[in-house]
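Have the sequence and the model open as you read.

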Amino acid sequence: MISRNRKNKIIYTVICMVYCILTVRQAFADTEYRKETITSDDSAMLLNNPETDPAKNPNQLFLHHLNQHLDLYGVQFGLGWVNEIAGVVSGGKSRGATYAHQIAFALDLDWEKIAGLKGLSTHMMMFNFAGRSASKHYVGDPHIQAQDVYIPHQAMLRMYNFYFEQQLWDNKVNIKVGRQSTGDDFGYSVLSCQFMMLSSCGHPRSIAQQGFSTWPGTVWGARILYQPTSEFYVQVGAYQSNPWPQGGKNGWDWGGKHTTGAFLPIEFGYHSDIGKDHLIGHFHVGAGFDTSRFKTWSAQATGSGKTDYRSEFWVMMDQMIYRNDPVENHGLYVIGNWGHDSPTTATYKDFYNLGLLNRGFWHDRPNDQMGVMFSYYTVPRGLSRAQGYQIAQGNAPLHHGVLNLLNEATGIQSNAMMFELNYGISVYRGIMVMPVFEYFHHVGATRSSYKDAAVLGMRTSIIF
């Protein structure tokens, strides 16, 4: 059951969204969207929306004009609010709905303009999180969140990243050093974050493990990117590996006492620009190795103490296959991702995303977009065997009448599929409202714990 205070919060949020839709006049900026580049830290300013770089994009509610002025002095602000309501309407653990939000504040400083230090900049971001998990409480899946902005057990204000960035050799070399996430640079897909379900946002979830730190966890790390041409790049990095929550509950735990090793990634990338219609796309191939030792699933079930290393591989792409209008990113895209992790220790063995995203398809509403995404994953056989061993040995305690196995599973896991369909309504400059339908098949990768879950939701983002 949802408490009265939470019911009031949900009702208030819905009223606010309806008010925005009914009272704010339609307005669209015809300015071309910027093309994502690989030599700048897009993720630090995306605020969960790829058109929200406060420094370069006019499609904001009001900060664009302020940032135009501040840019003369090397200062840029970003402020964004994303809220997501999701509720199970059939199947799953139980029926019910809940709310989660993220408020993000970013500050970029260009030290070339401030102090004449050529190519040097600093970046900082902080978050506020609130809400409850629809997946945990109603869907019955503790890992794949129906709301990608839900983060458990966070402080009122969480420090995210703080790092230095240096451009060299006519911007062919880019160096980043400081508190950052591996996933800000490696295996990252901007277009995959145009969906509310966590199964696709940013990276295939199989690679988002301890060493491959990802939002909102940050570690000490360094990355060097070399871009010999405008189409090709290669980058390598070295990052601290320590268990979640990286940075502690409030993000300010910057010490090394929890460090277990180092994560070493490498990635090759290609940016396409095909034909006279300039069909743009992004392709990434990468791998990473964690020097930490992790208990294998069999060791966790039997207590043998056996450990293993962890390595990861990923192949990711998005390619425009049809252009709708001259605006740079308006077209129909195909999105495809695959991620693989070590089966002896990983939560997921293989994770696949396949989707379509269409922007600018409606002439009278050029900033609307529509997306559909299929996700499928398998769990390691070693995990399934370990869970079966737990049951056979009577080491599977009941929690509220259901099994509580390794990996927070309610039964022996095998595979699962998720589906999302959404429509993004551009209400006003910087405001997007997105109705969402999600479907969980084999909830939590088990076949008998819960029925397939159908979820209805609404995502609202405001880029100030």
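Strands (E, at least two residues) and helices (H or I, at least four) are DSSP runs, numbered from the N terminus. Phenylalanine 374 is found in strand β13. Its relative accessible area is 41%, so phenylalanine 374 counts as partly exposed (buried is under 20%, exposed over 50%, partly exposed in between, with a 1.4 Å probe and protein chains only).

This model is predicted: local features need pLDDT of at least 70 and side-chain atom pairs pLDDT 80 or more, while totals for chains, interfaces and linings use all residues. Residues are numbered from 1 along each chain as its sequence is written, and side-chain values use heavy atoms, leaving out hydrogens and water.

## The nonpolar cores

A nonpolar core is a set of buried Ala, Val, Leu, Ile, Met, Phe, Trp, Tyr and Cys residues joined through side-chain atoms within 4.5 Å. The largest one has 29 residues, of which Val139, Ile144, Tyr377, Met418 and Phe440 touch the most other members. Elements giving two or more residues to this core include β1 (75-92), α7 (381-392) and β17 (431-441). With 4 residues, β17 gives the most.

Apart from this core lies another, of 9 residues, including Leu191 and Tyr333.

## The disulfide

Where is the disulfide? Cysteine 193 is joined to cysteine 201, S to S 2.0 Å (the cut-off for a pair of cysteine sulfur atoms is within 2.5 Å). The torsion about their S-S bond is about 95°, so the disulfide is right-handed. Both cysteine 193 and cysteine 201 are buried.
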